[in-house]
Amino acid sequence: MIKHLRSAADLDADTATLILDTAGEMAALAGREVKKLPTLRGRTVVNLFYEDSTRTRISFEAAAKRLSADVINFSAKGSSVSKGESLKDTALTLQAMGADAVVIRHPASGAPHRLAQWVDGSVVNAGDGTHEHPTQALLDAYTMRSRLGKIDGLRVAIVGDVLHSRVARSNVLLLTTLGAQVTLVGPPTLIPVDIAAALSPATKVSYDLDSVLPEADVVMMLRVQTERMQDSYFPSAREYSRRYGLDAPRMRKLPEHAIVMHPGPMNRGMEIAPEVADSTRSTIVEQVANGVSARMAVLYLLLGGKA
Amino acid sequence: MAQPRADTEHISSKVILSGADLHRVVDRIAHQILEKTSGATGTVLLGIPTRGVPLARRLAARIHAFEGVEVPVGALDITLYRDDLRLHATRALGRTEIPGDGLDGRRVILVDDVLFSGRTVRAALDALNDVGRPSSVQLAVLVDRGHRELPIRADYVGKNIPTALAEKVRVRLAETDDGVDEVKLFGGVA
């Protein structure tokens with residue numbers, strides 16, 4: 001088993017499948033009256049969050065607690081980081097406290113890779129800049145597999161702000177490893193040149209959502225990340241929504257079995273219409289529940305065995 | 001060609017139970033369960049993966065054949081409750097399947113292939129605790145090879161085999177091991 005989960009590229013098909021299978025068992029445990037397992041008793045998991053997050057932080061916290069690990073939550077606000085402490089010094093502090101795993105979210109791409117060089121424990125990337133968010137990709141893959149029965153051969157359209165999306169990058173890597181065919185869709189300004197080739201040669205790019213929908217088994221809508229946009233990437237929100245938003249008429253172009261995903265938080269009415277987000281095709285709420293199971297699987301597989 | 005398993009292939013081995021013996025032993029345990037539980041009412045059989053699960057199914061099938069009683073069968077994976085997780089590489093999880101009516105107020109019979117240190121059973125008791133509250137818990141094993149490290153004993157034993165610590169007991173069942181039913185003892189003094 002791997003030691004860190006810094007990138008979805010750390011996972012080969014066998015390891016990824018093992019994580020998804022383990023997540024399935026963890027999900028079955030979630031239905032029990034006593035949801036706690038003694039597995040990681042005495043282990044310490046630090047949640048190191050330099051960026052705001054609701055669902056990812058809560059999800060990791062719930063996952064670690066259900067496995068009986070001790071959880072220390074650290075958010076940059078209200079810590080010595082606001083006094084100017086560097087990531088390295090913070091890392092050494094955590095090291096001295098004996099963290100067995102550090103779950104890190106950081107605005108700088110690559111921060112988890114640096115951190116892994118400074119601490120002895122496992123490092124789990126919970127989102128670094130515009131780079132990667134591997135546990136999101138795992139929970140998305142798990143959701144696809146539980147809804148559609150498989151991943152190999154699925155046609156997945158990832159739509160919207162690919163440029164700023166760590167979710168998109170991790171999903172392309174993981175889904176390609178598992179045999180899915182990914183198409184990135186969005187305005188040319190939000191799809192980096194050569195991204196498809198850089199991530200995996202099998203990935204396609206399209207600028208026309210309507211032509212992709214009839215062929216898709218899965219549509220994953222990305223949030224338009226206005227907080228990361230210093231320039232204007234499209235003329236207006238209304239135009240973006242008209243061309244790349246998923247509304248009810250567009251949803252009807254999808255095959256009968258296709259599902260609609262969104263990593264959250266949603267801009268309702270921007271990239272996704274409320275009636276789509278609340279439809280039976282939507283897996284948005286399931287994704288949150290599956291997130292806890294997927295993260296339990298990752299923590300178990302990283303920390304459960306001999307260090 | 002597959003690599004021979006160094007721990008078993010080149011060492012002397014002895015068949016402890018042949019396929020026919022194994023079937024007789026399962027039949028006997030099924031009778032004993034019926035006798036000791038007054039007809040197996042309110043009883044649930046829970047196999048411990050991997051080989052406890054097919055054994056539990058076989059016991060249920062024999063009990064049904066003898067007295068027509070349907071005994072619910074399930075599986076209880078104990079990996080997450082093991083006390084030696086930190087001593088080995090991470091283990092893949094097995095399936096846990098609890099029969100639909102649950103375990104509360106029922107007599108649960110845990111089923112495993114080999115009883116050795118007793119640590120697996122301890123882990124199973126912990127796991128049971130989180131699943132429900134049985135009225136009582138019993139233990140059925142195909143082979144008891146001794147060397148207990150905890151105060152645990154089985155209620156139903158297929159065969160007691162005195163072993164040395166260095167010896168290995170290997171159970172093969174048709175469902176999990178290429179259609180072969182057999183118990184073999186490896187190693188020890190040739």
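The following exercises, with worked solutions, concern a predicted model.

Local features need pLDDT of at least 70 and side-chain atom pairs count only at pLDDT 80 or more, while totals for chains, interfaces and linings use all residues. Residues are numbered from 1 along each chain as its sequence is written, and chains are lettered from A and ligands numbered from 1 in the order in which they are written.

**Exercise 1.** Determine which strands pair with strand β6 (residues 181-185) of chain A.

*Solution.* 
1. Strands are DSSP runs (E, at least two residues) and helices likewise (H or I, at least four), numbered from the N terminus; two strands pair if DSSP finds at least two bridges between them.
2. Strand β5 (residues 155-159) of chain A runs parallel to β6(A), joined by 5 bridges; A:R155 has A:Q181 as its bridge partner.
3. From β5(A) the chain passes through helix α6 (residues 166-177) of chain A to β6(A), a right-handed β-α-β crossover (clockwise from the first strand over the helix to the second, with the strands pointing away from the viewer).
4. Strand β7 (residues 204-206) of chain A also pairs with β6(A) in the parallel sense, over 3 bridges, and A:T183 stands opposite A:K204.
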